[in-house]
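Subject: Structure handover and notes

Dear colleague,

Please find the structure below, followed by notes on what was found in it.

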Amino acid sequence: HTRLPIMVSASNSTSQAVIPLLRNLLSGIVKPYLEKNPTAVTALQLIRKEDPGPVCYDHFAFRTFGVDGCGIDSIAQVFLDLGYKTRDELRFPAKKLRALWFSPPEHLYGVAGELENGPVPRIFISELLVDQLSEKSQSIIRKYTKDATQCARHAAAASVLNSLTWPTPSFADYQHLASESEYAAWTLVNGYSLNHATVSVHRLSQMCHISKLNEFLQEHGIKLNSEGGITKVSPDGGLQQSSSVADSVQYAFADGEVKKVPGSYIEFAERLVLPVFSSLSDEQIQECHRREGFEVGNADKIFESTSSDQMSLKG
Ligand code: OOG
Ligand code: NI
């Protein structure tokens, strides 16, 4: 006997089919990040001890060079293929950066659980506007990225494998870039490695407010980025973020120098319920009732989590 087919739109069926790959990709990206960044692991352990969970991620963030096909699009493509949608652009003229964020397939926003079966994070990708840098910095960056063009489509693989898509840089090139743009220097040594994962604070069951969480983490020795104050608050009050100061990582440069460079950090984000939904009960409230998106003023300060200024405050 025949059955009526269940009506699903093409895009919906596409995103159902790709869920296993999407979830494994996200786990694959976070794995080397956790292996290299002890502060992120400690913070997650502290939260798990205090909070019955689950611990969900609000977003994952990447940095790129906006040149030779190595910019936002290179790492964005896999997420677009896996059902993400392009959302808003953010601009940071003083830092010579721009960013785009991407929202996950909607049906994966509201489910309960952790990364393997729970909500899927937003993706935040920034790029350095290389054309706006000095000739010298541009030529350094292009020396590396021109070799990376042919594998720019494999940025996601590079992230999972914790591999650069260009040759190991020299310390001199790194230092020169750092003097003009710390973002550029970070990206040269870290490539497509995850810059940070962000814990969804409002989804926690005990530590569900950022001020409480910040205090708890600081009491347990986690240094938080103090740029513009510990909690970064959007003008509408709805998006509240904080972040750790990046760990430093020993890095072996091509010319044999071994130096400490900034690695990654962990971020915390609380999205408040929008005023129009304030009459909903706690059980009714879902992610879609909360402040969406990102905020230039907050992000501008969160970028500083890998700055030498913030890092020299450490320990
Ligand atoms: C990204 C900083 C901005 C946010 O959530 O607004 C950010 C970076 O450090 O690359 O993460
Ligand atoms: Ni972030």
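Which residue lies over the face of tryptophan 186? Arginine 63 does, at 5.0 Å from the ring centre, where a charge sits over a ring if NZ of Lys or CZ of Arg is within 6 Å of the ring centre and within 35 degrees of the ring normal. Arginine 271 likewise lies over the face of phenylalanine 294, at 5.4 Å from the ring centre.

Before going on, please note that this is a predicted model, in which local features need pLDDT of at least 70 and side-chain atom pairs count only at pLDDT 80 or more, while totals for chains, interfaces and linings use all residues. Residues are numbered from 1 along each chain as its sequence is written, chains are lettered from A and ligands numbered from 1 in the order in which they are written, and side-chain values use heavy atoms, with hydrogens and water left out.

The nickel ion (ligand 2) has His59 (NE2), His196 (NE2) and Glu267 (OE) as its protein donors, lying 1.9 to 2.2 Å from it; donors are N, O and S atoms within 2.8 Å of the metal (3.2 Å for Na, K and Ca), and sites may look incomplete, as water is not among the atoms. In sequence, the spacing of these donor residues is H-x136-H-x70-E. Histidine 196 in strand S5 (residues 196–200) and glutamate 267 in strand S10 (residues 265–271) are 71 residues apart and link distant parts of the chain, strands being DSSP runs of E with at least two residues, numbered from the N terminus. Both histidine 196 and glutamate 267 are buried, that is, under 20% relative accessible area with a 1.4 Å probe and protein chains only.

The structure holds 12 aromatic pairs, counted where the ring centres of Phe, Tyr and Trp (its six-membered ring) lie within 6.5 Å, with planes under 30 degrees apart taken as stacked, over 60 as edge-to-face and the rest as tilted. One of them joins tyrosine 57 and phenylalanine 60 edge-to-face, at 5.4 Å centre to centre and 65 degrees between the planes, and both of these residues are buried. Tyrosine 251 and phenylalanine 253 are edge-to-face because their planes stand at 65 degrees, with the ring centres 4.8 Å apart. Ring pairs link Phe171, Tyr174, Tyr251 and Phe253 into a cluster.

Best regards

Key:
Helices (H or I, at least four residues) and strands (E, at least two) are DSSP runs, numbered from the N terminus. Buried means under 20% relative accessible area, exposed over 50%, partly exposed in between (1.4 Å probe, protein chains only).
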